[in-house]
Amino acid sequence: MENREQARDKTLITDPKKINAAHENVQLIEWEDFDNELARLWSLTSALKEANEKKQSLQEKLQSLIQVKNESLNKLNELEEMRERLEARKVVMANMSTRCKVATEDAKKQEEMLSTEVRSLLVAGTSLSVARKRLQEANRLLTEERGCVKLKNVQRKLRARQQYMISQVSLLYPVKILVGPAQEQELESYSSSSRLGNPSASKPVNQGSLAILGLNLTLLPFTKMSFFTDKKEVQRSATALGYVAHAVSLIASYLQVPLRYPLRLGGSRSYINDHASSIDPASSDLSLDTTLSANVKLAEFPLFLEGQDTTRAAYAVFLLNKDIEQLLNFIGVKSLGPRHVLANLKELLRSVQSSEYIDT
């Protein structure tokens, strides 16, 4: 303090402007008032010192308050971030709760469906057990002599019924031999084919031709179709093929044999379906060794020539004969060949109507 006062006194002495100002502000104090004035100055100095100390204390407190305020703001920001994260967690929890409810409902539905299926399985198991007992009882009855006789009687009745129905087809579509020379006819020779296992049977030649309902099935239009071909002959062949297709369809239904090549009947405008459409009939050899493609796809071939490709029509006749061969093989009779449509049909009708068919 004293040093500051001395430095101030020196400044006052050395600075002319301040010396002049000091001289102008000099206040003369009487000796009697010097003590009072000195006491007053001392009290002012003490008051100034106390004010400075209070100021310093207030500054320190203000700094601490500012620091506390900053820390409070940081805490508030952290709390705000925590609150936002908490809200986000609440939204996630709400979504998870909703999904959990949906999953619970789905689980209940699945449980109900499973319980229903279990009940159905139990019922089916009971039915299966009952059916198995009935089957065992039927097998037991069949193993007995009386059961075999009963089964054979039922089979004979069934074959007799089939024989009667097919005899009606034979009356509806009779296949007969027309006496006379046969030029370019469907049949080159005809015989009664033997049962399977007896391939040494002879095939006597018959110079007549076969006809269905009086209509010959000639192969000439299918191989030598031209502008000069007789249209009536083409129409007669189409009509004959329609008769054959209808007869084959009826016989297959009575024998309960699904045809390998299904027919779409339409009289003289009938079609036959082949599920192996990748076959190109133009490049296929219409023989027994024809190999069918494994690519299953439906394709129709016409059983008539008018307005159609001759190759497709010839392939349709080939497929129709394959259906007849399928029926012949079903009853255990050999086919006469791929070109004998009416002959194979006649042999099929003859074999079913024979007494051997019922006894087999």
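1. Helix α8 holds both Arg350 and Glu347, which lie three residues apart, about one turn of the helix. In this predicted model, the two side chains form a salt bridge, with the closest N and O atoms 2.7 Å apart.

2. Helix α8 itself runs over residues 341-352. Its 12 residues reach 17 Å from the first C-alpha to the last, close to the 16 Å expected at 1.5 Å a residue. The helix is mostly covered, with 10 of its 12 residues buried. Among them are Val341, Leu342, Leu345, Leu348, Leu349 and Val352, and also Asn344 and Ser351.

3. Five salt bridges are found in the whole structure. Side chains of opposite charge can pair when their charged atoms come close. One of the bridges joins Glu80 to Arg83, at 2.5 Å from N to O. Both of these residues belong to helix α3, where three residues, or about one turn, separate them. Glu80 has a relative accessible area of 35%, so this residue counts as partly exposed; Arg83, at 42%, is partly exposed as well.

4. Another salt bridge brings together the side chains of Glu325 and Lys322, at 3.5 Å from N to O. These residues are in helix α7 and are separated by about one helical turn, because they are three residues apart. Are they buried or exposed? Both Glu325 and Lys322 are buried.

5. The surface carries a nonpolar patch made of Leu73, Leu76, Leu79 and Met82. Together these residues have about 390 Å² of accessible area. Met82 is placed in helix α3, which covers residues 31-143. With 47% relative accessibility, Met82 counts as partly exposed, because exposed residues need over 50%.

6. The count of aromatic pairs comes to four. Why is the pair of Tyr173 and Tyr243 classed as tilted? Their ring planes stand at 35 degrees, with the centres 5.4 Å apart, so the pair is tilted; planes under 30 degrees apart would count as stacked and those over 60 as edge-to-face. The pair links distant parts of the chain, 70 residues apart: Tyr173 is in the loop between α4 (145-172) and β1 (175-178), while Tyr243 is in helix α6 (residues 231-255). Tyr173 is buried, at 9% relative accessibility, whereas Tyr243, at 25%, is partly exposed.

7. Phe301 and Tyr315 make an edge-to-face pair, with 70 degrees between the planes and 4.8 Å from centre to centre. Ring pairs join Phe301, Tyr315 and Phe318 into a cluster.

8. Arginine side chains also meet aromatic rings. The charged end of Arg159 sits over the ring of Tyr357, at 4.8 Å from its centre. Arg269 lies over the face of Phe304, and the distance to the ring centre is 4.7 Å.

Terms used: Residues numbered from 1 in each chain as written. Predicted model: local features only at pLDDT ≥ 70, side-chain atom pairs only at ≥ 80, totals over all residues. Heavy atoms only, no water. Phe/Tyr/Trp six-rings, centres within 6.5 Å; stacked < 30°, edge-to-face > 60°. Helix = DSSP H or I, 4+ residues; strand = E, 2+ residues; numbered from the N terminus. Buried < 20%, exposed > 50% of the residue type's maximum accessible area, 1.4 Å probe, protein only. Lys NZ or Arg CZ within 6 Å of the ring centre and 35° of its normal. Patch = residues over 30% accessible without salt bridge, like charges linked within 9 Å, V, L, I, M, F, W, Y side chains within 5 Å. Areas by Shrake-Rupley, 256 points an atom, 1.4 Å probe, with all protein chains shown as cover. Salt bridge = Lys/Arg side-chain N within 4 Å of Asp/Glu carboxyl O. Expected span 1.5 Å × (residues − 1).
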